[in-house]
Amino acid sequence: MNLPIARRPTGRQSGPMRRLAAFAALAMVATGCVFTGGEDQVVTDTDGGFDEEAFGDCIVLDVAVSSEKIDLMRDLAQEFTGEVDGTCVGVRVQSKASGGAATLLSEGWDEDVEGPRPVLWSPASAAWGAVVDQRLTARGEPAIIAESVPFMQSPLVIAMPQPMAEALGYPETPVGWSDILELARSEAGWGDYGHPEWGPFRLGKTNPNFSTSGLSALIAQTYAAVGTTRDLTLEDLRDPAAIEYARDIERSVVHYGPTTLTFLNNWYRNDARGTALTYASAAAVEEVSIVQYNRGNPDGVLEPGEVPQPPRVPLVAVYPTEGTLFSDNPLMLLDAEWVDEDEAAAARLFRDFVLLPVNQERVLEFGFRPGNPDVAIGDPIVAANGVDPAQPQTTLEVPDPDVLVTLIDGWEDTRKPANVLLVMDVSGSMGEAAVPGERETKLDLASQAADRALEQFAPQDRVGLRIFTTDLAPASDDPDASTTYVDLVPIEPIGQGAEKLRTAIRGLFPLNGTPLYEAALAAYTDVLASYDPDAINAVVLLTDGINDDGNLDDDAQQLQTLLDRLATGAEGAQARPVRVFTIGYGQDADLATMRAIAEASDAAAYDASDPASIDRVFTSVISNF
């Protein structure tokens, strides 16, 4: 779920153009289409088109929803029957990331690329509607959010492994952002609470440019810093004490990212090997994630035949004593030039249908609280799943849109900086056409995406560029220098090295084999050697193939050595974590191996099997920093 505010420029594009480029790409991250007729039929088009004939003469109601409710909305759309002045209504649902849809609605929605413009829109939070309206009215255009009612709700909580929450005295002793701040500032970390074996306090937070939970956490910690629950002002944001408060919390962050799933999945994997307490101490997530995690389904999706396995160490939902915000998943009727009276009437009929008590009870099945206040909260929002239906006691007010924008822009100055090595595969296969019959190669598209992704870094971030392939010229006169990788740009502040990075990226060309394992291990080792304790230390590794270093006999041993080294670092060197984020690029990439490499280092793997997706994938990867 994205927020249409991007990072400060590093010298090339203006802010609005950078935002539009980044978020137009990210709008497609969670896009899937469902075409529902009035007779319980679902017509899907594998080419991504929209078959108008599926609805016959019915009024077509287009609905765009954030991904967490696509399955439920799909079911409700299938069950809905309604008429407007004797004409049947068919509901067509597509999934759109919240911030991506907000950008499209305010900057321009290309139906040939994005699918139909919605009449009814349901992002994760009503805050997105406020941002859309502000962006439109700031340009002298009319606002488009006509009506808005909550569909289903989930409060932001601080997820903590149960032993850690109990060490703080929770739930008998209230816990809030002030306690997080104290832990973040402590040199002894958990040693202050009698558990030095847990190491320093480590916080998981998503990027507020992309994630609703990240945005809610940023708002909540700011309210805590200034000691209020409403009417946050621009003057509050300029308060030096509030800025210091934010910076000290951010210093404990493990890494950021576009969604909370990376934290939840990594926690779950660490739980299986008994290291959940040394992966992360807490993460800002929505309550629904606690329910799903403790049920043994951390990503909220059960594949056919998958049996949920509850974790050994459950998570506890800490409701911050200073207050929190709800993701209300509103149903927003748009008053826009593409919406006619019949479509608006159809939207109201469908909205009233999904708010019926019998349908609101179904949101509980997914771990959400009903939006209809007449429907009681019940199972699974129960103590056995680590949550408390009587909480939160205090609900925070969503700030005015101008304060929201300023708050997010200011996050660039308080967030934890990055220390990142970009590692690009320049093997011969990268010279193949990205799309059969087209001139652009895979390396062309990857280089263009990496170039554009540099805009997401802030000047204080340190970024370097390394290429790898077999039989490279020695990097120096040293006879022992590597011939499989070369640092084209050393890791240095991007504020001074951005142009060197761009020039180097634009000059890449394909060469020989793919010494993937050697390159991954060397990159990890070198970033570890130059570890910055005040930054997020990471490797971003892109490859389009499998390990091919000319010696296939030792492939299995090389991979095991790499994974063992990464796992040892993840478990035994928690004071110096280096994450390896991987991108499997093109149809021939070894996605299973790339996932294993990322998971061994408690990072995340990204699938760019379709070379055309590399722009949005790069944007997602860099959102971790």
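Buried means under 20% relative accessible area, exposed means over 50%, and partly exposed lies in between, with a 1.4 Å probe and protein chains only. The views below show a predicted model, in which local features need pLDDT of at least 70, side-chain atom pairs count only at pLDDT 80 or more, and totals for chains, interfaces and linings use all residues. Residues are numbered from 1 along each chain as its sequence is written, and side-chain values use heavy atoms, with hydrogens and water left out.

**View A. Aspartate 85 has a positive phi.** The phi of aspartate 85 is about 50 degrees, although this residue is not a glycine. Aspartate 85 sits in the loop between strand S3 (83–84) and strand S4 (87–95), where strands are DSSP runs of E with at least two residues, helices are runs of H or I with at least four, and both are numbered from the N terminus. With a relative accessible area of 74%, aspartate 85 is exposed.

**View B. Asparagine 329 has a positive phi.** Asparagine 329, also not a glycine, has a phi of about 45 degrees, and its loop runs between strand S11 (326–327) and strand S12 (330–334). Asparagine 329 counts as buried, at 1% relative accessibility. Most residues other than glycine have a negative phi, and most peptide bonds are trans.

View C. The peptide bond from tyrosine 170 to proline 171 is cis, with omega near 10 degrees. Proline 171 belongs to the loop between helix H6 (162–167) and helix H7 (177–185).
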